[in-house]
Amino acid sequence: MTLPMAEHSTEHFTGSFTQQEPIPEDAIEAAVAVLRHGRLHRYNLVEEEAGEVALLEQEFAAMTGAKYCLAVASGGYAMATALRALGVGQGEAVLTNAFTLAPVPGAIASVGAVPVFVGVTEDLTIDLEDLAAKAGQASVLMLSHMRGHLCDMDRLMAICAEAGIRVIEDCAHTMGASWNGVASGRHGLVGCYSCQTYKHVNSGEGGLLITDDAEVAARAILLSGSYMLYPRHLAAPGAEVFERVKYDTPNISGRMDNLRAAILRPQLRDLDRQVRRWNERYHVLEDGLRRTPGLTVVERPEAEVFVGSSIQFLLLDWSAAAVGAVLSRCAARGVELKWFGVAEPVAFTSRYDSWRYAPTQPLPKSDRILAGIIDMRVPLTFSLDDCALIARIIRAEVSAVWQGGV
Ligand SMILES: *Cc1c(COP(=O)(O)O)cnc(C)c1O
């Protein structure tokens, strides 16, 4: 049965855009076991005990195919640690995306380095032409796979190889994603992940760093605050590598603890199933939004396996007033959309020109795109029916404003 139009226009969504699923029961049990023995510090182990953190690192390394893995306190900390492990220091330029979230330029600023912003395309990926043009300006790229969109990684790596640029991947939104069969985080020298509540596994806070480079791994482990207890790591290089770097690597504590690791291990085992569930929801939303006049769906390339934990669409070349009208009309019907074009930073959303500690050059092509990016979280607490309803509401309100010429 199809509902008459009037019914559609009064539909409301009542779910929460910030409510994730509960922590799975097996993860709760593992957490309670850690609480009962009380050894929360990762190096507080009894004989023969590997510890939850070391096991998590071993399992994540195996999952991604990386030689080495380090679990840390947050995704931002993982990125800053990667920069330090690469020797990036005071005043050094680091290329990064203009379209990303504040912890990315923040990680660069935290080591005294200077972000150089590279533009964004209509696919919401880094502008490879702009990257090629700026390649001479830095020896490190902090590549943010913002909102899970992967650029042509083969081309990006070719540009960077030719320019001698080392790549750190920010995989906060791409845990479980891949490009041409290669896992996100495995193209560059280092991959960094976040285990914060809004990402793909949830320990409240937390981060993971992977690499195949023995010296980078050893430095990262020492940096994270291993003292001389690094032999307790299971996804680490041999002692001889630590011998080379242990006297000149500072301890900047940012370890993960056994409680968080205990919560994360069962979630990692379940990641593939969760990815399928996110993508089912994403496809219902995407199908519902297609062919809405004035609205551009972001097409996903065939080489990209993504995780639809959020969805974006473009209202390209709309006036700020019209975009504002869509947002408030959707909000009135319970649909919370974020807008990257808003002049002032709001909640999690901000733009490259709001990070005023970093010098910015104007990026007019990117400004046009940023001004049109609408973003929405897709928590797994949404049912497929919820997603269909949300898409109907967005479609109705975008169409109403578009036709009304607000
Ligand atoms: C969340 C996020 C991070 C940082 O993760 P935290 O664990 O919150 O420090 C980095 N990059 C992007 C794009 C993110 O969304």
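1. Arg277 is buried (under 20% relative accessible area, with over 50% exposed and partly exposed in between; 1.4 Å probe, protein chains only), its relative accessible area being 17%. This is a predicted model, in which local features need pLDDT of at least 70, side-chain atom pairs count only at pLDDT 80 or more, and totals for chains, interfaces and linings use all residues. Residues are numbered from 1 along each chain as its sequence is written, and side-chain values use heavy atoms, with hydrogens and water left out.

2. Arg277 belongs to helix H11 (residues 271–289); helices (H or I, at least four residues) and strands (E, at least two) are DSSP runs numbered from the N terminus. Apart from neighbours within four places in sequence, Arg277 is in contact (heavy atoms within 4.5 Å) with Glu21 and Leu380.

3. In helix H5 (residues 103–110), the buried residues are Val104, Pro105, Ala107 and Ile108. Viewed down the axis of H5, they fall within an arc of 150° and so line one face of the helix; the arc is that of the directions from the helix axis to the C-beta atoms. Their cover includes H4, strand E2 (93–97), strand E3 (114–118), strand E4 (140–144) and strand E5 (166–170).

4. After H5 comes Gly112, with a positive phi near 80°.

5. The crossing of H4 and H8 is right-handed (the near helix is turned clockwise from the far one by less than a right angle). The contact involves Tyr77, Thr81, Arg84 and Ala85 of H4, with Val216, Arg219, Ala220 and Leu223 of H8.
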